[in-house]
Amino acid sequence: MSKYSIRQFVQETQQEDSARNFFELETDRMLEVNLNGRVWAKAGSMISYDGNIKFEREGMLEHGLGKFVKKAFSGEGAQLMKANGQGRLYIADMGKKITVLDLEGESIFINGNDLLAFQDGLEWDIKLMRRVAGMMAGGLFNVRLEGQGLVAFTSHYEPLTLHVTPNKPVFTDPNATVAWSGNLEPEFVTDVQLKSFFGRGSGESVQMKFSGNGFVVVQPYEEVYQAQQS
């Protein structure tokens, strides 16, 4: 059989039918959700599904007035959808690499635009970066997740995790920052020299400073989102 035959192609790219966990990486860039109940996923991320699954966008006040106000203020609002039922669901986001984490009582912050899916039952809240929102196109917001369950996030290419210690703070470009440990609260600093060199609109002049004990995840790509028009 030719290595370029249709049969060979199907064999190499077909879905796995063996027993699977709730979240499984079908490929590095496509997540399989073995659904028997409900999952929260980024709106528009559905690629394919089989079985009896219904999709519904989150209600305006479904998570309480506080979260709704924050999402309205952010302008970008990480829109979520609910998938309910039984079957296999495949989701992805612009061909970005997917990372799955199993939270065991821990917490993590994830950039709102990089959050792909999370297991129903995890506690979550939107955190707005007000101090930097006016400095960068579209502003910034993130989601804090905590509890027991699976969460999936995306990155352009391979993510890099940097350790933060009390005697070694880490500085990152906000547009390249994907996630960080839930105990860290970044502050924003402006590099006057870089600002003068690159111009007032440059993202490099605004940096995130992480101090304490924890980690921060970055990607080798500066991702800029414009605020959605109302």
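## Aromatic pairs

Both F109 and W180 are buried, where buried means under 20% relative accessible area, exposed means over 50% and partly exposed lies in between, with a 1.4 Å probe and protein chains only. This is a predicted model, in which local features need pLDDT of at least 70 and side-chain atom pairs count only at pLDDT 80 or more, while totals for chains, interfaces and linings use all residues. Residues are numbered from 1 along each chain as its sequence is written, and side-chain values use heavy atoms, with hydrogens and water left out.

The structure holds six aromatic pairs; rings of Phe, Tyr and Trp (its six-membered ring) pair if their centres lie within 6.5 Å, and planes under 30 degrees apart count as stacked, over 60 as edge-to-face and the rest as tilted. One of them is the pair of F22 and F23, which is stacked, at 5.0 Å centre to centre and with 15 degrees between the planes; F22 and F23 are both buried. The pair of F109 and W180 is also stacked, because the ring centres are 5.5 Å apart and the planes stand at 20 degrees. Since F109 lies in strand β5 (residues 97-111) and W180 in strand β11 (residues 177-181), this pair ties together parts that are 71 residues apart in sequence. Ring pairs link F109, W180 and F210 into a cluster.

## The chain as a whole

The chain contains four helices and 14 strands, taken as DSSP runs (helices are H or I with at least four residues, strands are E with at least two) and numbered from the N terminus. Of its 230 residues, 45% count as buried. The chain exposes about 12,600 Å², of which carbon and sulfur atoms supply 51%; accessible areas come from the Shrake-Rupley method with a 1.4 Å probe. Among contacts between residues at least 6 apart in sequence, 77% join residues at least 24 apart, a contact being heavy atoms within 4.5 Å.

## A three-stranded sheet

Strands β10, β13 and β12 form an open sheet in the order β10-β13-β12, with antiparallel pairing; two strands pair if DSSP finds at least two bridges between them. The edge strands are β10 (170-172) and β12 (187-190), each of which pairs on one side only. On average, and with direction ignored, neighbouring strands of this sheet are turned by 35 degrees against each other.

Between β12 and strand β13 (residues 206-210), the antiparallel pairing runs over four bridges. In this pairing, E187 stands opposite K209 in β13.

## I47 in strand β3

I47 is found in strand β3 (residues 46-57) and counts as partly exposed, at 48% relative accessibility. Leaving aside its neighbours within four places in sequence, I47 is in contact with M30, Y90, I91 and A92. From C-alpha to C-alpha, I47 and L31 are 9.5 Å apart in space, and they are 16 residues apart in sequence.

## Positive phi in two loops

Most residues other than glycine have a negative phi. M94, although it is not a glycine, has a positive phi of about 55 degrees; this residue lies in the loop between β4 (80-91) and β5 and is exposed, with a relative accessible area of 65%.

Y157 likewise has a positive phi, near 70 degrees, in a residue other than glycine. Y157 is found in the loop between β8 (141-155) and β9 (160-164), and at 48% relative accessibility Y157 counts as partly exposed.

Definitions and conventions: Axes are lines fitted to C-alpha atoms, for helices over the stretch in contact, and angles run from 0 to 180 degrees between N-to-C directions.
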